[in-house]
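Here is a short note to read beside the model. Keep the structure open as you go.

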Amino acid sequence: MDSDAAGFAEFYRAARDGCLRAVFATVGDRQAAEDLVAEAFARAWAHWRTVREHPAPSAWVVRTALNTRVSWWRRARREIPLPDRTADTAGDGDLDSVVDPELIAALLRLPERQRQVVALRLFLDLDTAATAATLGIAPGTVTAHLARAIATLREELSPAACEESRQ
Amino acid sequence: MNDQDLLTTVRDGFEPVQMTIPADDIMTRGRSLRRRRRRGQVVAGGALAVALGAGLGVSALTAGSPAAQQATLTAWTVQRSPDGAITVTIRELRDLPALQARLVLDGAPVTISDTSLTLPHGCVAQTSVPLMLQNIVGFSAIRTATGVAFTLRPARIPQGQQLQILLIPGPRLRTPPVTVANGKVTVHGGPVTSNARPGIFITLVKATPPCAS
C-alpha cells in the first residue's frame with residue numbers, strides 16, 4: 001500500500017464513524033446516511049491530494065455527503081417511487097433503532113441548519129469558525145443556531161419534558 | 001441539565017452508530033470515480049464520438065465482470081448486530097445466491113429471488129400472518145436512497161419455516177437487462193407494464209425440501 005493509500009485508510013478509519021453520525025443526525029435515516037458517507041469518502045479518495053490539504057477533511061466529507069443527498073433527492077423525484085414505504089418517515093424503524101428514537105425525533109424537529117450545526121460541532125468537534133466555513137455562514141450565525149438548538153433540545157429531552165409528554 | 005450535559009447526552013446517544021463498509025470498497029469506488037473523471041477529460045480534449053462509443057462498448061461488455069463489479073459500492077451488505085439481528089442492504093440485484101448463502105450461514109433460513117417465484121400448491125404456509133412477519137423483519141425502514149434494506153431476526157423465525165424474499169427490479173434496484181420500448185419495461189426477458197416498480201415481498205413459508213422439486 002503506497003503512502004497515499006495508507007494515509008487515506010488511516011483517515012477513513014479515524015473519521016468514518018464521526019462522519020456517519022453527523023450525517024445520520026442530519027438526515028435521520030441510518031442506511032441513507034451510510035450510503036451517502038460511503039459515496040463522499042469515495043469522492044474524497046478520488047480527490048485525495050486536494051482533500052488531505054483541506055483544513056478539516058472530515059467536514060469536507062460531511063459537506064459532500066449532504067450535497068450528494070440533495071442531488072440524489074433531485075434524481076429520485078424523477079424516478080418512479082417504490083410501491084411501499086414511499087412516505088417512509090425518517091428516523092423510525094429497526095435500522096435506526098440503535099439510537100433512541102426520541103433523540104432522533106428531537107433532532108429532526110430542529111430546522112435543518114440547526115441540525116447541521118449541532119452535527120458538525122458534536123460529532124466532528126469543529127469549532128465555531130470551522131463550522132461556519134463548512135456551512136458557508138457567519139460565525140455569529142453558528143453561535144445563534146447552536147444556542148437555539150440547545151434550548152429546543154433541552155425542552156425536548158429533559159426528564160421533566162419526558163414526564164409531561166407521558167402524562 | 002446544563003449545556004454540556006445535554007450535548008454529551010446527544011453525542012453518547014449516537015455512539016453505537018458505526019460505518020460497516022470496508023475501506024477497500026470505498027477506495028475501489030474512489031478509483032473508479034477518478035478513472036471516470038480522467039476519461040471525461042480525455043473525451044473533452046477531442047475524439048468525442050470515438051471515445052464515447054468505445055467507453056459505452058467496454059461498459060456493456062464488462063457489466064458482469066469482476067472489474068465492473070469493483071466499479072460500484074457492493075451490491076449488497078450484510079451486517080450482524082450483537083443482539084443477533086441481521087441488517088441487509090441491497091443496492092443492486094447481483095450475486096443473490098451468494099447473499100442467500102451468506103444469510104443462511106449467519107443462521108437466517110431464507111430464499112432470495114429476483115424473479116416471480118412460483119411454488120407448488122400447499123407450499124406456502126398458512127402462518128405467514130403480518131404480525132408474525134413484522135416481528136421477524138424490520139419493515140419500517142425498508143427503503144433507502146439507493147435500494148432496499150431490512151432487518152431480520154433469525155431467532156424469531158419459527159422452527160421448520162423460512163423467509164421467502166422476492167425482489168422486484170426497478171429504478172433503485174438496478175439490474176443490467178432492462179429495456180424500455182413503447183411504454184413497456186422489459187426486465188429479465190419478461191414484459192411488464194411501465195408502472196412496474198421496485199419492491200420487496202417477504203413471506204414465511206415451510207422450510208421443506210419438497211418445495212424445490
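The points below cover the nonpolar cores and then a sheet.

1. This is a predicted model: local features need pLDDT of at least 70, side-chain atom pairs count only at pLDDT 80 or more, and totals for chains, interfaces and linings use all residues. Residues are numbered from 1 along each chain as its sequence is written, while chains are lettered from A and ligands numbered from 1 in the order in which they are written.

2. Start with the largest nonpolar core, which has 53 residues. Such a core is a set of buried Ala, Val, Leu, Ile, Met, Phe, Trp, Tyr and Cys residues joined through C-beta atoms within 7 Å. Buried means that 20 or more other C-beta atoms lie within 10 Å of a residue's own, with C-beta atoms placed from the backbone. Among the residues with the most contacts inside this core are A:Val37 and A:Phe41.

3. H1(A) gives the largest share of this core, eleven residues. Helices (H or I, at least four residues) and strands (E, at least two) are DSSP runs, numbered from the N terminus.

4. Look at A:Val37. Leaving out residues up to four places away in sequence, A:Val37 touches A:Cys19, A:Leu20, A:Val23, A:Val61, A:Ala65 and B:Met19. Contact here means C-beta atoms, placed from the backbone, within 7 Å.

5. Now chain B. Strands S1, S2 and S4 form an open antiparallel sheet, in the order S1-S2-S4. Strands pair if DSSP finds at least two bridges between them. S1 (76–80) and S4 (148–152) of chain B each have a single partner strand, so one side of each lacks a neighbour in the sheet.

6. Five bridges join S1(B) to S2 (residues 86–90) of chain B. B:Arg80 stands opposite B:Ile86 in S2(B).

Key. Buried ≥ 20, exposed ≤ 12 C-beta atoms within 10 Å, placed from the backbone. Contact = placed C-beta atoms within 7 Å.
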